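Hi,

Here is the structure I promised to pass on. Have a look at it first, and my notes follow below.

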Amino acid sequence: EGEKKNMERKEIVKTIATCTPSEFMAQCYKIAGKAKTLFEMAGIGEIRKRLPEYKEEDTPEERKAKMKKQGRDNLWAIFDELFGKYPKETTELFGLMCFIEPTEIDSYNGMELTAKCIDMLGDENVATFLVSLSKILR
């Protein structure tokens, strides 16, 4: 029965990367509101401010390595917050990127939804837009 239910999942047919301009604007408004709330709950802004500790004698190469490590640590901390502590809200945010309302999210395949969103986040235009949007929300 569980396998049959998974086979009957709805297909994702539209994303913010494939919609019309007017659909895009309206959906981005929803995404921005959801992202702002989620990022505040998860403390993403504070995580992004974390910087490495430098010693006076650190070379430029050592400072660069410390900054790279801190960036990875920050990314994992964000991942922990979004996927570990707030999975429902993160899933809802991903759903909005695919025009799926939170009340309908369980009608879709989780792997397909996540893969579709990660693929979109890897798109240069989408990534640039989301970074710009996050700067506005700060």
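**What I found**

Of the contacts in the chain (heavy atoms within 4.5 Å) between residues at least 6 apart in sequence, 64% join residues at least 24 apart.

Before the rest, some housekeeping. This is a predicted model, where local features need pLDDT of at least 70 and side-chain atom pairs count only at pLDDT 80 or more, while totals for chains, interfaces and linings use all residues. Residues are numbered from 1 along each chain as its sequence is written, and side-chain values use heavy atoms, with hydrogens and water left out.

On the fold: there are seven helices and zero strands in the chain. Both kinds of element are DSSP runs numbered from the N terminus (helices are H or I, at least four residues; strands are E, at least two).

As for dimensions, the C-alpha trace spans about 60 × 40 × 25 Å along its principal axes.

The chain exposes about 9800 Å², with carbon and sulfur atoms supplying 57% of that. Areas are Shrake-Rupley with a 1.4 Å probe, and for residues only the protein chains shown count as cover. Of the 138 residues, 28% count as buried (buried is under 20% relative accessible area, exposed over 50%, partly exposed in between; 1.4 Å probe, protein chains only).

Now the cysteines. The structure holds zero disulfides, a disulfide being a pair of cysteine sulfur atoms within 2.5 Å. Cys117 is in none, and the nearest cysteine sulfur, that of Cys98, is 4.0 Å away. Cys117 is buried, at 0% relative accessibility. For Cys19, the closest cysteine sulfur belongs to Cys28 and is 7.2 Å off, so it is too far for a bond. Cys19 also counts as buried, at 16%.

Two loops are worth a look. Leu51 sits between α3 (44–48) and α4 (60–85) and is exposed at 58% relative accessible area. Together with Tyr54 and Met67, Leu51 forms a nonpolar surface patch of about 290 Å² accessible area.

The other loop, between α5 (87–97) and α6 (110–121), holds Phe99. Most residues other than glycine have a negative phi. Phe99, not a glycine, has a positive phi of about 60 degrees, and counts as partly exposed at 22% relative accessibility.

Cheers

Note on methods. Patch = residues over 30% accessible without salt bridge, like charges linked within 9 Å, V, L, I, M, F, W, Y side chains within 5 Å. Salt bridge = Lys/Arg side-chain N within 4 Å of Asp/Glu carboxyl O.
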